[in-house]
Amino acid sequence: MASNNAVAATAEFELDEDELEAALSEVPAGQEGVLPALHEAQEMYGYLPEAALEKIAEVCDTPLSEVVGVATFYDHFSLQPQGDHTIRVCTGTACHVNGADDTLEELQSELDITPGEVTDDGAFTLTTVRCVGACGLAPVVMVDDDVEGSTTPEDVPAMIEKYREGGD
Amino acid sequence: MSKVEDSPDEDGGMRLITCAGTGCVSSGSLDVHEALAERIAELEDEDVEVALQGSESEADADVPTVGGAHAHISGCHGFCEEGPLLRIEPEGILYTGVTTDDVDDIVERTVKGGEIIEDLCYHTSDDGVYTREEDIPFYSGQKRIVLSNSGHVDPECIEDYENEGGYDGLERAVAEMAPDEVWQEVKDAGLRGRGGAGFPTGLKWEFAAGQDADQKYVVANCDEGDPGAFMDRSLVEGDPHRLVEGMAIAGYATGASKGIVFIRAEYPLAVERIKGAIEDAQEAGYLGEDLFGTGFDFDLEVKKGAGAFVSGEETALIKSIEGKRGMPDPRPPYPVESGLWGQPTTINNVETLGNVPEIIRHGADWFADIGAEDSPGTKTFAVTGDVENTGLIEVPLGITLREAIYDVAGGVVGDEFKAVQIGGPSGGCLAEQHLDMPMTFDSLQEAGAMIGSGGLVVMDESTCMVEVARYFLSFTQEESCGKCPPCRVGTKRMLEILEKFTAGEATEEDLERLEELSEYVADSSLCGLGKTAPTPVDTTLRYFRDEYEAHLEGECPAGECDFDDSADESSEQDETSEPMEGVQ
């Protein structure tokens, strides 16, 4: 089930224009700046709120339709609010042959969401990723920027607990 | 690969080098490094003369040491499954699976006592023990050129790289050679692109150099997308200055003053390391204006990708850098004629560029003598699947698959060898009869496969080859950008047929259609993604046709396909399918 918090967050989001503008001060001028700007904004908000996309369109002097087109093309960007932590299950070859599906299934059942969704309490987003290049440790799960290696379904509850307690 | 003799610690001090590649870090190596550094600092207090040269304290690098010990970090050794790894120089001892609990023991027995702790050394499954890294069969069968520094130098320390001859190649190129001598040298060396197709690098540079333009660019393609391949990540994390140097040489040879490292956002550590290396190189005068007082300007910047496999295709990569949707364009014009913002742009793979400094330092003849005649040099392979040792290896081109799988990776575990998938989703599945074929760009192409980025997935008898084809096609289908119909619709239809096979519902007619589509998609797709997407299907049909035929009879010889369960999945997929004639 998708989170209601997530929907509420979209409605509640108010853009601090100065803050975003300051963060975008280093991005290259013109359309070249769109990808770096999207990275900046997503890092700040965890996703790309509509108001931020409008601001990026203005700063990069690029039509909003183009900015949205770019944002939706790349898997890395999300137009929906994300959980405090993003759990990415690697489904690359090494992980696939070493049982990534089992780990993913367990995560889905523990968090009660499917890939692409956010938990009700807004703590976690679950998603899959094609390969994080840590194949020697397959199957691998990436939580935010941390790599958890050699995961088994049995590890899942402890993994979730670790990040839930650790806050953000 | 031994670097023990010319260790940068001229005082002969002991170096305790903890691997800080992504794999070992996730196994807790940074805690080990910190604990070691702390204990060594304590030894200093106890008046045992030591100095600490950790990642955070490059400023201390000049602290004189007398027979002291250093705690260091390094990049990836490629042996991630045995991590965290601790290498001890100058002896070249390798400790595996080191935890913070082992630190006291290491300091007492090894640092102070000079004793090798056998329990921490690498043990083979039949109880063989190896104390030195170089003696472990996983390493002794390798020939490391681009990975020669990985696992040895501190990737965050430019002096470490310089001590290994780093930037000598750049200096030689810029200060002593004309640009055409540089590309000629690379051409004579016979270096071919390590990203997949094996195009001669020197020839590409020659084309770029011949273009008349105000601004030219060099781009390092580090958008390493193949699942199961991680050589670029490993190289950038472990030896980032090698890439910086290779790019600067490429810039000089082609007449480009700007370079861009296009790197996956999913590799945060590699992004950090390459950014740090660029800053250090700028400060040291290897990047910037008027390099070596010759008037040659060259600078680098980093651009992060955003998770689109197709961006690894060079025309799509250009779009990504320009801030657009990463969709490919028809070629010609090739990027060397009209690339970034319409300017001549040389795009090279990271491993290709990693070879360049060595070629300039040691000469074309030296390089041409390594490997096979039509494919000189070495190639890195990411070995995974049913083998004793998974990891990253670098071997001379021209060795056989058998040598790579049995001698270096330690052989097949589980059942008997059945197949090896080479080159990721664009590559093919080869069978037993190919084990003794030398691996070169051309021999693999003849067998219907390709070296690709160098993924090597070894599979035993329990693997269903139809399922393998389905897995790879599900990947390329999902990553198809949708621009051209053969790829967008063709891969979808192929995947549906493969799902019918793994569900036990396929018919004779499906098999014929699959073959037909396979040919059609390969022939008519716009870019490399679509052109090579059918390769896993094509090669499994070629070498494992009996398995497809068995599935027609409702039987999976490997026993992997669960005919009842997977039927549900395939019907779910239909929701997103696109009708052939469908234009909305």
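User: How is a residue classed as buried or exposed?

Analyst: A residue is buried if 20 or more other C-beta atoms lie within 10 Å of its own, exposed if 12 or fewer do, and partly exposed in between, the C-beta atoms being placed from the backbone. Glu133(B) counts as buried because it has 28 C-beta neighbours inside 10 Å. Of the 584 residues in chain B, 58% are buried. The model is a predicted one, in which local features need pLDDT of at least 70 and side-chain atom pairs count only at pLDDT 80 or more, while totals for chains, interfaces and linings use all residues. Residues are numbered from 1 along each chain as its sequence is written, and chains are lettered from A and ligands numbered from 1 in the order in which they are written.

User: Where is Glu133(B) found, and with which residues is it in contact?

Analyst: Helices (H or I, at least four residues) and strands (E, at least two) are DSSP runs, numbered from the N terminus. Glu133(B) is in the loop between strand 6 (129-130) and helix 4 (137-140) of chain B. Two residues are in contact if their C-beta atoms, placed from the backbone, lie within 7 Å. Leaving aside neighbours within four places in sequence, Glu133(B) is in contact with Arg87(B), Gly92(B), Leu94(B) and Tyr139(B).

User: Why do residues three or four places apart in an α-helix point the same way?

Analyst: An α-helix has 3.6 residues a turn, so residues at that spacing point the same way. In helix 6 (residues 168-176) of chain B, the buried residues are Gly169(B), Leu170(B), Ala173(B) and Val174(B). These cover an arc of only 115° around the axis, which puts them on the same side of helix 6 of chain B; the arc is that of the directions from the helix axis to the C-beta atoms. Ala175(B) and Glu176(B), on the other side of this helix, are exposed. Among the elements that cover the buried residues are helix 7 (179-189), helix 10 (240-254) and strand 10 (296-304) of chain B.

User: How many residues of chain A are in contact with chain B, and which helix gives the most?

Analyst: On chain A, 33 residues are in contact with 36 residues of chain B. Helix 6 of chain A gives the most to this side, with four residues. By class, the side of chain A that touches chain B has 16 nonpolar, 11 polar and six charged residues. Here Ala, Val, Leu, Ile, Met, Phe, Trp, Tyr, Cys and Pro count as nonpolar, Asp, Glu, Lys and Arg as charged, and the others, Gly among them, as polar.

User: Where in chain A is confidence lowest, and where is it highest?

Analyst: pLDDT is the predictor's confidence in each residue, from 0 to 100. Chain A averages a pLDDT of 89, and 92% of its residues score at least 70. Confidence in chain A is lowest in helix 1 (residues 4-12), at a mean of 52, and highest in helix 5, at 97. Over residues 1-8 of chain A the pLDDT is below 50, yet this stretch has 14 contacts in the model beyond near neighbours in sequence.

User: Which peptide bonds are cis, and which residues other than glycine have a positive phi?

Analyst: One cis peptide bond runs from Ala138(A) to Pro139(A), with omega near -5°. Another joins Pro332(B) and Pro333(B), where omega is about 0°. Ser150(A) has a positive phi, near 45°, and counts as partly exposed because it has 15 C-beta neighbours inside 10 Å. Phe292(B) also has a positive phi, of about 55°, and lies in the loop between strand 9 and strand 10 of chain B.
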